[in-house]
Amino acid sequence: MTLTHDTASASAPAPAPAIDVAEFLAWGNDLHDQGRYEDAARAYRLILGVDRNNQEALLGHNRAVRHAVPRWHWEMLHDEERAERYDHAIRQAVTANPDALVLDIGAGSGLLAMMAARAGARGVIACEGQPAVAETAVEVVRTAGYDDTVRVVPKMSTRMTVPGDLPRRADLLVTEIVDCGLLGEGILGTIAHAREHLLAPDATIMPYRARVYAQLIESVHLHRKNHVGKLHGFDLAPFNRLSTLEYFDSRLHRHEHRALSEPVPVFDFDFRTADASPQRTELRVRPTSPGRLHAIAFWFEMDLVPGVTLTNAPGIASHWKQAIQCLPVPQLVRSGDTVAVTALHDGRHIRFEVPPAEETA
């Protein structure tokens, strides 16, 4: 089957080249199998542009988008506490300066940008680097009736310019590019770039500060999420070469565990001045009870504006889970001893180092 776009008249531009649907489907499927999901989505969209009911293209496009757009978007959008606190902080900031030009970095669905418009902001620029998400945000904003105030820019903020994408430097930055370990979506470098290139010198930055806390954890169940040994009569330990050396996300309360220490402060970031330079800090953690140290759990507290804080600490109903880093080999710890822990970050990921102990599990 070959399809072409209709032409309006003899004076219209030459008709677009015919699209061989079978050929384009095969192309899209091949791109998908290669893991080139954005390119695959574009191939399927070409088919849908001339045959919007083509089921194979619809399914292929949806599969590609599912890989390109993380599923946490939906859980995040249903996080009522997150939404309420951002809304409160945005209202406070916009009320203080209704003429502020607002920049929303990592706009996603456009929710925070629309909150700013609803609060009375007269101009909002929402940038979103994921093409399918940016395209959808335009529709969401239009449906909500805020397209006269909110403009979606489909690119990464680090590629934006003034006055190309922003009419002038923004007065209020709103962003939520954080993962369970705080830095994993590049908030340090992104805000540092925005301060230098996109924001007014006295711009309000939201969030403006964040702290990271960590805790020693005993949990065979968590350790098994990243390590394996002898099972079913076979030694599967070589498979551990594929385990993550950094953190993964998990809800601590859903796994049998025991805290071996009180939470300890690790890093304190002031986004008004911080950059993505690597840091390390040496911690001396005193166990509160003896046990096997299987993992270090960590989380953040994030200040949006003074008096409005978000956290993914254990026990908090947040869409962010806790960050868990397992030790390669569990270690015995005793009450009263001190565990030496080195905390490091490379500007984007936090990790911990614990020197090996003499006695291990």
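**Ground rules**

I number residues from 1 along each chain as its sequence is written, and I leave out hydrogens and water, with side-chain values resting on heavy atoms. Because the model is predicted, local features need pLDDT of at least 70 and side-chain atom pairs count only at pLDDT 80 or more, while totals for chains, interfaces and linings use all residues.

I take helices (H or I, at least four residues) and strands (E, at least two) as DSSP runs, numbered from the N terminus.

**Entry: the largest pocket**

I looked up the largest pocket. A pocket here is an open set of points on a 1 Å grid over the protein atoms alone, where a 1.4 Å probe fits, with protein on both sides within 12 Å along at least five of seven lines. Its volume is about 900 Å³, meaning the space filled by probe spheres set on the points, joined across faces, edges and corners.

I find 40 lining residues, that is, residues with an atom within 4 Å of a point. W72, E176, I177, V178 and E185 lie nearest the centre. Two or more lining residues come from each of α4 (72–77), β3 (101–105), α6 (111–118), α8 (187–197) and β11 (248–250). The largest share, five residues, is from α4.

By class, I note 18 nonpolar, 11 polar and 11 charged residues in the lining. Nonpolar covers Ala, Val, Leu, Ile, Met, Phe, Trp, Tyr, Cys and Pro; charged covers Asp, Glu, Lys and Arg; the others, Gly among them, are polar.

**Entry: α2 and α3**

Next I checked helix α2 (residues 37–48) against helix α3 (residues 55–68). Their axes come within 8 Å and cross at roughly 155°. Axes are lines fitted to C-alpha atoms over the stretch in contact, and angles run from 0 to 180 degrees between N-to-C directions. The pair is therefore roughly antiparallel, the term for angles over 145 degrees.

I list Y37, E38, A40, A41, Y44, R45, I47 and L48 of α2 as meeting A57, L58, G60, H61, A64, H67 and A68 of α3. Contact means heavy atoms within 4.5 Å. This contact has 10 nonpolar, three polar and two charged residues.

**Entry: α5 and α6**

I then turned to helix α5 (residues 80–96), whose axis comes within 9 Å of that of α6, crossing at roughly 40°. These two are therefore oblique, a class left after under 35 (roughly parallel), over 145 and 65 to 115 (roughly perpendicular) are taken out.

R82, A83, Y86, D87, I90, R91 and V94 in α5 meet L111, L112, M115, A116 and R118 in α6. I count eight nonpolar, no polar and four charged residues there.

**Entry: backbone**

Most residues other than glycine have a negative phi, and most peptide bonds are trans. I looked for departures.

- V162 to P163 is cis, with omega near 10°; P163 sits in the loop between β5 (150–153) and β6 (170–175).
- M206 to P207 is cis, with omega about 5°; P207 is in the loop between β7 (199–206) and β8 (209–218).
- L182 is not a glycine, yet has a positive phi of about 75°; L182 lies in the loop between β6 and α8.
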